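User: Hi! I'm new to this one and would like a friendly walk through it. Could you put it up for us?
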Amino acid sequence: MRAFISYSHSDKAALDRLHVHLKNLTREGRIETWYDRNILAGGELDAEIERELEASDLFLLLVSPDFIASDYCVEREMRRALERHAAGTARVVPIIVEECDWKAMRELRQLKAVPTDGKAISAWANPNTAYLNVVQELRRIIEAEAVPAAAAKVADEPSATRPSMARYRAKRQFDHIDKGDFRDAAFATFKDYFRRAIIEIDSIDGFRGRFVDRSATSFGATVVNSGHLNGTAHISVHCRSSQVALGDIYYSFSENAGDNTANGGFNISADDYEQFLIQTMNVFGKADERLTPERAAEVLWNEFIGNAGISYD
């Protein structure tokens, strides 16, 4: 999907941070972002912005006091984005960067805003957790709409009028190197998710958290819920090595667990088009749904903190 980012130049730091968190999606070729700094010197600003307003599939509005105060952002970019949203030709996602009076704007109030419940990124104890929530929602949008919409569009058009740039997916076989690269990237996603989530939970009264980066293929975490009788939970997470094969990514709910034990894990699988993870629930390898690395990390995090009597909505 091609995403038009509408923002106030006063919020450039938030724009830069969003691009950092979108890197996985852009690397996977799932999203391509455009904003006004992409215009080359000598380009006609209004004409190029107008062209992108008509070409984009997705509009990301970085909503803040400065955004609302900008007539250009609101009256031109947001207005056209909402027109296309109403027509069903694009989707508008408000990203609440700073606390502001955005709910007084009927057009925005009617849309589901991110992060969760429209809580401003600046209000989160760890802004990285808020950006992760934003990216997870965008991934859901892309997976739910982008491919089906493209397929339906191609199917509905007479073959003689189908555009030469129609989207196709080619079947392929994933070899050992592909699997290894995917496993390493997935493990890095797990590690980053847990590191940031521990920082977030450690900032909440009544909870404590500790993250330990043990090696390139292992990390651990501990959470303490002081309000629960059995409110301490541990986890050790390992990435598969050549010596052990308990899962491509596997875990034990104990502190400093060795790499030869596991309570469960995730294995890499693939269809004819892409790789994904499936969760192994026991030693017999019962599989759950196909998961992206981000979703798998979230599933494991929720299971882990549940052992301490904590839930995350």
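User: Thanks! Quick one to start: is Lys-191 buried or exposed?
Analyst: Lys-191 is buried, because its relative accessible area is 11%. Buried means under 20% relative accessible area, exposed means over 50%, and partly exposed is in between, using a 1.4 Å probe and protein chains only. Before we go on: this is a predicted model, where local features need pLDDT of at least 70 and side-chain atom pairs count only at pLDDT 80 or more, while totals for chains, interfaces and linings use all residues. Residues are numbered from 1 along each chain as its sequence is written, and side-chain values use heavy atoms, with hydrogens and water left out.

User: Got it. What do the side chains of Lys-191 and Asp-213 form?
Analyst: They meet in a salt bridge, at 3.0 Å from N to O. The term means a side-chain nitrogen of Lys or Arg within 4 Å of a carboxyl oxygen of Asp or Glu.

User: And which elements does that pair tie together?
Analyst: Lys-191 is in helix α8 and Asp-213 is in strand β5 (residues 207-215), so the bridge ties together parts 22 residues apart in sequence. Helices (H or I, at least four residues) and strands (E, at least two) are DSSP runs, numbered from the N terminus. Asp-213 is partly exposed, given its relative accessible area of 43%.

User: How many salt bridges does the structure hold?
Analyst: There are 28. Another one joins Arg-2 and Glu-52, with the closest N and O atoms 2.8 Å apart. Arg-2 belongs to strand β1 (residues 2-6) and Glu-52 to helix α3 (residues 45-55), so this pair connects parts that are 50 residues apart in sequence. Both Arg-2 and Glu-52 are buried.

User: Nice. What about Lys-171 and Asp-272?
Analyst: Their side chains form a salt bridge too, at 3.8 Å from N to O. Lys-171 sits in the loop between α7 (127-156) and α8 (176-202), and Asp-272 in the loop between β9 (264-270) and β10 (275-280), 101 residues apart. Lys-171 counts as exposed because its relative accessibility is 60%, while Asp-272, at 38%, counts as partly exposed.

User: Changing topic: how many residues of α9 are buried?
Analyst: In α9, 10 of the 14 residues are buried, among them Pro-293, Trp-301 and Phe-304. The helix covers residues 293-306 and reaches 20 Å from its first C-alpha to its last, close to the 20 Å expected at 1.5 Å a residue. That expected span is 1.5 Å times one less than the number of residues.
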